[in-house]
Amino acid sequence: MSKKVLLMGKSGSGKTSMRSIIFHNYVAKDTRRLGATIDVENSRVRFLGNLVLNLWDCGGQDMFMENYFASQREHIFRNVEVLIYVFDVESRDIEKDMHYYQDCLEAILVNSKNAKVFCLIHKMDLVQEEMRHRVFEARLNELNTRSEPVKITAFATSIWDESLYKAWSSIVHSLIPNVKLLESHLQNFATICEADEAVLFERTTFLVISHCTKMDNTDIHRFSKISNYIKLFKMSCSRAQAQFKSMEIRQADFAAFIDVLTANTYVMVIMSDLSIEPSATKMNISVARKHFEKLEVSHIAR
């Protein structure tokens, strides 16, 4: 199963940097050595076994952008599942950015009218922290107006924090078939474990696929932070020629277990009832493996 994902935006907006961090194990500081994308760079990323993301990273120089809308219009915008348009928050020519963005929407409506559209207001780390929410809301309001009648999903992102993982987890989540079924089975698993939370991560990227919770938590970015931290830890293990498999964290008021669930996923289980033996939680994860492997084969990869 192949899903075409179109990654577009002006040159220098950060498209290739974010793709390299999410899918190719770059850390933020390493992206400085990446050069500009010339024309279209195609890559196929295997995700959850049989789901393949056919990612088209489109160079954003004016000559390429004009060419996409002229001679390559149908080729570029046909059969698109997701359009991701990246805006540099500090762009000096916002009007031209918006002009190209609206050209993309027009082409999508003609050639892929059911495509989902995500807008990333990127490089938010360059904006003073106390101004970020106000800047993002202003851009979002303008984008909503200019995108009509298309409904968009927007995120404020930076390669230097967990916001990038939050955005891409949402994007990938929208591409997974029968994801609601997966969520219901994860909920059942959490109930059996008597867990406060259960989170499912894709094994390579550590993007969040699904989660369930029965507790209130004020940190809405916690899963994205965990994605970021664990992926960095996995990379550190690789540099030390070791392989990350599982982790157990115990504090005075909770225990967290991160372990392999299937060939394509990790699961994290959060417990606040410390009277439950860790061996019981680990056994439940082990017993659940065959069930989720069958679920993945029969529903997710179909």
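A: We start with pairing: two strands count as paired if DSSP finds at least two bridges between them. Keep in mind that this is a predicted model.

Q: What is the bridge partner of serine 2 in strand 3?

A: In general, strands of a sheet pair through backbone hydrogen bonds, either parallel or antiparallel. Here, serine 2 has valine 52 of strand 3 as its bridge partner. Strand 1 and strand 3 run parallel and are joined by six bridges.

Q: Which way do strand 1 and strand 4 run, parallel or antiparallel?

A: Strand 1 (residues 2–9) and strand 4 (residues 82–88) are parallel, with five bridges joining them. Two positions can be looked up: leucine 7 is opposite isoleucine 84 of strand 4, and glycine 9 is opposite valine 86 of strand 4.

Q: In what order do the six strands of the open sheet stand?

A: The order is 2-3-1-4-5-6, and the pairing in this open sheet is mixed.

Q: What do strand 9, strand 10 and strand 11 show about antiparallel pairing?

A: Strand 9 (residues 247–250) and strand 10 run antiparallel, joined by four bridges. A hairpin of four residues connects strand 9 to strand 10, and arginine 250 has alanine 255 of strand 10 as its bridge partner. Strand 10 also pairs with strand 11 (residues 265–271), in the antiparallel sense and over seven bridges. Two residues lie between strand 10 and strand 11 in their hairpin, and isoleucine 258 is opposite methionine 268 of strand 11. As for burial, eight of the eight residues of strand 10 (residues 255–262) are buried, so strand 10 is largely enclosed by the rest of the structure.

Q: How do I describe two helices that pack, such as helix 2 and helix 4?

A: Two packed helices are described by the angle between their axes and the distance between the axes. Helix 2 (residues 62–69) and helix 4 (residues 94–111) pack at about 25°, and their axes are 10 Å apart. The angle makes helix 2 roughly parallel to helix 4. Asp62, Met65, Glu66 and Phe69 of helix 2 make the contact with Lys96, Tyr100, Asp103 and Cys104 of helix 4. This crossing is left-handed.

Q: At what angle do helix 1 and helix 6 pack?

A: Helix 1 and helix 6 (residues 163–173) pack at about 80°, with 11 Å between their axes. They are therefore roughly perpendicular to each other. On the helix 1 side, Met18, Ile21, Ile22 and Phe23 meet Leu164, Tyr165 and Trp168 of helix 6. Nine of the nine residues of helix 1 (residues 15–23) are buried, so the rest of the structure largely encloses helix 1. Asparagine 25 follows helix 1 and has a positive phi, near 60°.

Q: Is serine 163 buried or exposed?

A: Serine 163, which is found in helix 6, has a relative accessible area of 16% and is buried. Leaving out residues up to four places away in sequence, serine 163 touches Ala156, Thr157 and Ser158.

Q: Which residues touch the most other members of the largest nonpolar core?

A: In soluble globular proteins, nonpolar side chains tend to be buried together. In this model the largest nonpolar core has 51 residues, and Ile84, Trp168 and Phe189 touch the most other members. Another core lies apart from it, with 34 residues, including Phe77, Leu140 and Val150. Beyond its neighbours within four places in sequence, isoleucine 84 is in contact with Val5, Leu6, Leu7, Met8, Phe118, Leu120, Trp168 and Ile171.

Conventions:
Residues numbered from 1 in each chain as written. Predicted model: local features only at pLDDT ≥ 70, side-chain atom pairs only at ≥ 80, totals over all residues. Heavy atoms only, no water. Buried < 20%, exposed > 50% of the residue type's maximum accessible area, 1.4 Å probe, protein only. Core = buried A, V, L, I, M, F, W, Y, C linked by side-chain atoms within 4.5 Å. Contact = heavy atoms within 4.5 Å. Axes fitted to C-alpha atoms, helices over the stretch in contact; angles between N-to-C directions. Parallel < 35°, antiparallel > 145°, perpendicular 65-115°, else oblique. Left-handed = near helix turned anticlockwise from the far one by under 90°.
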